Amino acid sequence: MPALACVDAAVPPPGYGFAWGGALPAPGAFPGGAPTTAGGATSDWTSPWSTDHSAALYRINGWGAPYFCVNAAGDIAVRPHGAATLPHQEIDLMKVVKKASDLKSAGGLGLRLPLLVRLPDVLKHRLESLHAAFDFAIRSNGYGSRYQGVYPVKCNQDRYIVEDIVEFGSPFGFGLEAGSKAELLLAMNCLARASPEAFLICNGYKDEEYIALALVARSMDLNTVIVLEQEEELDTVVETSHRLGVRPVIGLRAKLRTKHSGHFGSTSGEKGKFGLTTTQILSVAQKLQRLEMLDCLQLLHFHIGSQIPSTTLLTDGVGEAAQIYCELARLGAAMRVIDIGGGLGIDYDGSHSGGSDMSVGYGLEEYAGAVVRAVLFACDRKHVHHPIICSESGRALVSHHSVLIFEAVSSSTTKAEPLPSVGSNLAYFLDELADDARSDYHNLMAAALDGEYETCALYADQLKRRCIDHFKDGVLGLEHLAAVDGLCDLASKELGVADPVKTYHVNLSLFTSMPDFWAIGQLFPIVPIHRLDQRPAVKGILSDLTCDSDGKVDRFIGGQSSLPLHELGGGDGLGGGYYLGMFLGGAYQEALGGLHNLFGGPSVVRVSQADGSHCFAVTLAVPGRRARTSCERCSMSPK
């Protein structure tokens with residue numbers, strides 16, 4: 001193996017480097033093997049690269065449909081009206097970045113990245129699609145009532161998002177769900193301009209002040225329902241309603257036996273955090289009857305858990321709840337609404353599979369059909385009028401409408417850089433090694449010359465570990481340790497066992513913008529938003545700019561530990577920057593993001609489809625928080 005034999009032209013301090021003859025087979029076009037597509041098949045890396053290759057590589061047609069695609073320029077484009085979007089209505093995300101980041105003197109908005117792009121047209125389409133799916137299921141199954149959903153404000157409390165949902169949902173009587181006093185105030189303000197039929201569902205822990213505020217909302221002619229999460233809340237509701245002279249509408253949250261086993265299933269089942277057992281449900285109904293208030297009980301609520309993986313589990317849970325609903329109706333309650341809670345999942349990894357928390361095995365139509373049929377079956381058997389079906393589908397509504405765009409500012413690799421080679425100081429190098437390390441070196445060279453590559457790799461690893469131990473003991477100098485590192489890294493590279501993964505440093509805080517990745521291991525699709533007409537040549541992980549070792553993304557959809565990326569400095573009219581997008585992050589990430597390292601939040605633009613050369617208009621632009629603002633949020637005022 002001449003490539004390692006040339007090490008005999010060894011190198012003295014201040015560092016050792018070794019020439020490399022390249023005798024082993026050259027690495028392939030993509031280090032570590034060609035990436036696979038969503039179906040697990042290897043992409044054709046011998047043919048000319050195309051945007052179709054990129055769409056398959058990053059699974060865009062899986063998780064992105066029908067809202068995201070790769071256009072002819074190799075950029076990610078938004079299809080704001082889903083499958084009905086015409087070609088001239090597509091929004092190129094790179095053009096949005098240019099508009100947002102260009103200086104004002106050049107016609108831009110002068111915003112700094114990272115950039116949060118909100119797409120109200122996508123939000124409108126999601127809401128309309130959800131309602132259309134239930135409307136179709138109701139008509140096709142002969143169901144005798146209607147669907148009337150609510151948006152759980154906790155998913156994303158941004159004022160413009162909540163106002164958009166109320167506006168877009170007004171024709172359908174779409175309402176809001178609140179889980180705290182602050183969210184209730186926000187919901188009351190927004191619903192004052194909504195359809196009078198829209199529900200205001202009051203969930204969460206309730207003290208007297210919360211209940212009084214909900215009753216005030218009812219006195220304002222808002223369609224308010226106070227959902228009991230705990231049995232003792234009933235006494236407070238009764239006492240406060242008598243004091244204020246407002247008759248309440250009451251709902252119960254049932255603690256079902258049905259439970260799914262994923263991460264999000266921890267809030268369901270008999271040991272769930274919220275809800276009433278069957279014994280407690282009976283107790284509440286009987287107490288209301290004694291108080292002559294059983295007519296106030298009108299809604300049954302339950303929650304199986306977020307990201308329900310399959311319609312089989314969904315049907316089981318809805319069927320159980322529908323039986324409780326029918327029993328309450330039999331007991332004399334004025335039941336009229338079944339609130340199936342959240343759980344409508346989205347396909348984060350594009351696999352359309354119910355086998356993990358990252359995907360679901362159904363679409364909107366299948367979900368709605370399963371719900372309607374389960375309620376219909378239970379009610380018809382018990383001769384109970386079909387109730388209004390309400391859902392609290394926050395994740396499914398807002399996830400797609402928000403894209404976080406950030407820039408890779410630099411990259412690095414653990415691979416040792418070649419060091420300058422000088423003539424004949426092998427003796428100097430070997431004399432500094434301890435006997436065991438010197439023996440490893442000679443065994444390494446012998447195995448290399450004999451072509452025993454696996455043995456060569458073992459001795460290289462052993463030599464490196466021994467020399468690290470000797471360095472820690474003060475026996476070996478820094479120059480010699482660097483020389484051994486260089487030798488072993490070169491050997492590993494030629495033997496095909498080197499780690500070719502690069503670290504791309506990106507300008508954001510993972511804890512601020514992707515808290516669920518750090519906290520619960522939630523994966524989001526992350527994709528370059530341009531250069532998708534070019535073959536990616538690098539396997540990379542992402543490291544944020546915080547000073548925390550957890551501030552990195554090293555797990556990606558499809559079970560991958562690295563992401564196919566392009567070399568930095570491609571040049572495309574935006575100063576050669578390299579831009580990536582995190583998709584499907586519109587739910588919870590903004591609400592949960594904190595002030596780790598006092599990093600400010602991203603700049604925000606609200607982008608709507610419009611006529612014109614760029615096919616979009618920026619209707620709102622908000623700069624990200626400056627350092628001073630972040631300090632002020634910690635009660636500090638820098639001078």
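Let's start with Glu 229 and Arg 253, whose side chains meet in a salt bridge at 3.4 Å, N to O. By salt bridge I mean a side-chain nitrogen of Lys or Arg within 4 Å of a carboxyl oxygen of Asp or Glu. The pair links distant parts of the chain: Glu 229 is in the loop between strand 8 and helix 9 (233-244), Arg 253 is in strand 9 (residues 250-253), and they are 24 residues apart. When I say helix or strand, those are DSSP runs, H or I of at least four residues for helices and E of at least two for strands, numbered from the N terminus.

Before I go on, a word on where this comes from. This is a predicted model, where local features need pLDDT of at least 70 and side-chain atom pairs count only at pLDDT 80 or more, while totals for chains, interfaces and linings use all residues. Residues are numbered from 1 along each chain as its sequence is written, and side-chain values use heavy atoms, with hydrogens and water left out.

Okay, back to our pair. Buried or exposed, what is Glu 229? Glu 229 is buried, with a relative accessible area of 2%, and Arg 253 is buried too, at 8%. The cut-offs are: buried is under 20% relative accessible area, exposed is over 50%, and partly exposed is in between, with a 1.4 Å probe and protein chains only.

Glu 229 also brings us to Lys 206. Lys 206 sits in the loop between strand 7 (199-202) and helix 8, and at 4% relative accessibility it counts as buried. What does Lys 206 touch, leaving out residues up to four places away in sequence? The list is Ile 211, Ile 226, Val 227, Glu 229 and Glu 233. Touching, or contact, means heavy atoms within 4.5 Å. The side chain of Lys 206 also reaches the backbone oxygen of Val 227, at 2.4 Å.

Now for some other charged pairs. The structure holds 25 salt bridges. In one of them, Asp 235 pairs with Lys 287, and the closest N and O atoms are 2.2 Å apart. That pair links distant parts of the chain as well, with Asp 235 in helix 9 and Lys 287 in helix 10, 52 residues apart. Asp 235 is partly exposed at 31%, and Lys 287 is partly exposed at 27%.

Next, the side chains of Glu 327 and Lys 382 meet in a salt bridge, 3.1 Å from N to O. Glu 327 lies in helix 11 (residues 311-330) and Lys 382 in helix 12 (residues 364-382), so this pair ties together parts that are 55 residues apart in sequence. Glu 327 counts as partly exposed at 28%, and so does Lys 382 at 35%.

There's also a network of salt bridges, linking Arg 118, Asp 158 and Glu 590. Asp 158 turns up again at the start of helix 6, where one of its side-chain oxygens reaches to within 3.0 Å of the backbone nitrogen of Tyr 160. Helix 6 covers residues 159-169, and its buried residues include Ile 161, Val 162, Ile 165 and Phe 168.

Val 216, Met 220 and Leu 244 make a nonpolar surface patch of about 230 Å². Patches are built from residues with over 30% relative accessible area and no salt bridge, joining like charges within 9 Å and nonpolar side chains (Val, Leu, Ile, Met, Phe, Trp, Tyr) within 5 Å. Met 220 is in the loop between helix 8 (208-219) and strand 8 (223-228), and it is partly exposed at 43%.

Leu 291 is in a loop too, between helix 10 (278-290) and strand 10 (297-301). Leu 291 is partly exposed at 36%, and its C-alpha atom is separated by 9.1 Å from that of Val 238, 53 residues apart along the chain.

Strands count as paired if DSSP finds at least two bridges between them. How many bridges join strand 1 to strand 2 (residues 76-78)? There are three, and Phe 68 stands opposite Val 78 in strand 2.

Last, the whole chain. There are 21 helices and 21 strands, and of the 639 residues, 53% count as buried.

How values were computed. Accessible areas come from the Shrake-Rupley method with a 1.4 Å probe; for residues, only the protein chains shown count as cover. A polar contact is a pair of N or O atoms within 3.5 Å; within protein, one must be able to donate a hydrogen and the other to accept it, and residues adjacent in sequence count only if both atoms are side-chain atoms.
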